[in-house]
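Please look over the sequence and the model before reading on.

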Amino acid sequence: MATVTYSKATRIYPGTERPAVDHLDLEIGDGEFLVLVGPSGCGKSTSLRMLAGLEDVDEGTISIDSRDVTHLPPKARDIAMVFQNYALYPHMTVYENMAFALKLRKTSKAEIDRRVKEAAGLLQLEEYLNRKPKALSGGQRQRVAMGRAIVREPQVFLMDEPLSNLDAKLRVQTRSQIATLQANLGITTVYVTHDQTEAMTMGHRVAVMLDGVLQQVDTPRALYDAPANVFVAGFIGSPAMNIKTVQLTEQGAAFAEMVLPLTRQQVATAHADGGNGKVTVGFRPEDTDIVGASEGGMPIVVELVEDLGADANVYGHAAIGGASERFVVRTDRRHMPNMGDTVFIKPRSEHHHAFHAVSGSRI
Amino acid sequence: MRHGRGRFVAGFLAAPLAVYLIFMIWPYVQTLMYSFTSWGGFSNEAPFAGLDNYRQLLSDDTFQAALLHNVFFLVALPLVTILLALFFAFLLNVGGRGNRAGVRGVFGSSVYKVIFFFPQVLSVAIIVILWDALYRTDGQGLINFLLIKLHLVDPNHPLQFVNDPTPFLGVPKVLWWILIVVVWANVGFYLVLFSAAMQSISKDIYEAAMLDGATRVHTFFRITLPLLRDSVSVAWVYIGFVALDMFVWIFALTPQQGGPNHASEVFATVLWREAFTRGQFGYACAMGVAMAIFTLILGAIQLTATRRERIEL
């Protein structure tokens, strides 16, 4: 049980100019499940490894429970980590794998046995305790890696993309298991993933990173409803938000035959700081309807329809300012258009997001 | 194409098979045959002697001492070489930690790796010349010179090195000095072998061990060593070959090629002397056969031992 605080933590890999993690400020509460998410190379794994002590911190500090651990070796931090490739000890049985850390700490045999059996029960691993990792399936190995972390009863759990080596179905299943487990154990957890669905479904709060810089950290709901900038807007949600930079008018953002209204203040902010009469506007496919020709929608020519069973994604393009722009709309299956049709799309009112055309931040 | 394929294949197989039979198998058979004679090597006459040669082996003190020396090398040489190579390889690859994060070798490990490999590049003759200079038994030898300067050795009684037949831990001291040279010459190769094996172990595993609270010593004995078991057993076999041979080292480094006073004789030097200086070819052949039997027994033991290990895995 602990809080974790990154304070201006920076990592610059030797021989590179740009920091892999740039002045990261982040507070993680006691018992919180925080997810670090971002595209590959955004510094999320590096941040996690800095907390683990596997990566140097060049500037700033990291503290666990207000104890400065910035330059402490990994074993002095009382953390447990689940690796992407599980990093199980191949020459030890499942039991020995889980008991290893406890043995090193000279825990009594009975206590080790109790804790390992307990964790094995929790993870349905009892029947595999005498097997070597080689004789386990991917999902079982993943659970052993979890078990190895659990028996430690650490202050903080670290998980580095623990599900990315599982197949899609198992991933969804394990996802909920991990979330439930964390809720029951109540141990502060930092979880790294590149999958925004995992981030949204598992995290109490989600921290979105890009190029070593923290973009936004908030609840999944807030990230979805009010993304702080264009990157977060495009990263969270699937299919991705339609984001276009268009001409700014007095009334709002001018799309083809459609103007999305902006407040007077939004217009003013968009004009400032070299906005140059442009504004970036985004609207989610699921917040957009296909409407009749006279209802003020934007005409798009349908080029692809993805039938997902419950609903369908309609891809199409429209000419805006002389360029052809692609749009995606999620629609009811009953209103599926055909390829080549022209349909009118319109975001529901108040469901579009405006960003500054240059800085990309929310306005 | 099928027509005459058998003949085609046989045509290619015949030549190497013939070479093998003539130059490998036939000499074995010949050796076995000569071992039952008292052939002198230079005449056409090889009088049949039955088991006389083998009976003589049983009462030949020099031969039995030589056998014991081979056993000494067989035990000591792999043990010391492998332990040192493992230790160095560990330091060069994962032993460095200090106050920096992550898994890495000690400072300057890439330079050390080259230095450790140097002896492997030198030919045995060069190594021997080098160590002759180090092992000189007067004040001009490098080691004696330094030790005398440091007042650790009496200038009137410098170290005798390979001229010292007095026993140390039950074996003539000369053998220990030779052990040092052979270890020095071999350790670099096994260091590189173990380095390669260690690099194939995923870094994650070391990191997991670090997070689990393992110290360097724990990491070495609980993680690295068990995962290198295959490489170590291969290395053991290779060094075993060296230990059973040792001819070049003894021949080039010791006085009287096995001296002083036969204190450093091994199988191969005794055999060589019997055959080529004393002209006892029949007797030497018997020694060769005995050596082959001894090696086969060792091989059988090794095979059974490793087979048991495999089942455990």
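What radius of gyration does chain B have, and what would a compact globule of 313 residues have? In this predicted model, the radius of gyration of chain B is 25 Å, whereas a compact globule of 313 residues would have one near 20 Å. Taken along the principal axes, the box filled by the C-alpha atoms of chain B is roughly 80 × 75 × 35 Å.

As for its secondary structure, chain B contains 13 helices and two strands. Of its 313 residues, 31% count as buried, and when contacts in chain B between residues at least 6 apart in sequence are considered, 63% of them join residues at least 24 apart.

The domain assignment of chain A gives the two domains listed below.

| Domain of chain A | Residues |
|---|---|
| domain 1 | 4-232 |
| domain 2 | 240-355 |

The centres of domain 1 of chain A and domain 2 of chain A, taken over C-alpha atoms, are separated by 39 Å.

Chain A also has an open sheet of four strands, which follow the order 2-1-4-5 with antiparallel pairing. Because strand 2 (21-28) and strand 5 (67-68) of chain A stand at the edges and each has a single partner strand, one side of each is left without a neighbour in the sheet.

Definitions and conventions:
Residues are numbered from 1 along each chain as its sequence is written. Chains are lettered from A and ligands numbered from 1 in the order in which they are written. This is a predicted model: local features need pLDDT of at least 70, side-chain atom pairs count only at pLDDT 80 or more; totals for chains, interfaces and linings use all residues. Domain bounds come from an automatic or database domain assignment. Two strands pair if DSSP finds at least two bridges between them. The radius of gyration is taken over C-alpha atoms; the globule rule is 2.2 Å times the number of residues to the power 0.38. A residue is buried if 20 or more other C-beta atoms lie within 10 Å of its own, exposed if 12 or fewer, and partly exposed in between; C-beta atoms are placed from the backbone. Two residues are in contact if their C-beta atoms, placed from the backbone, lie within 7 Å.
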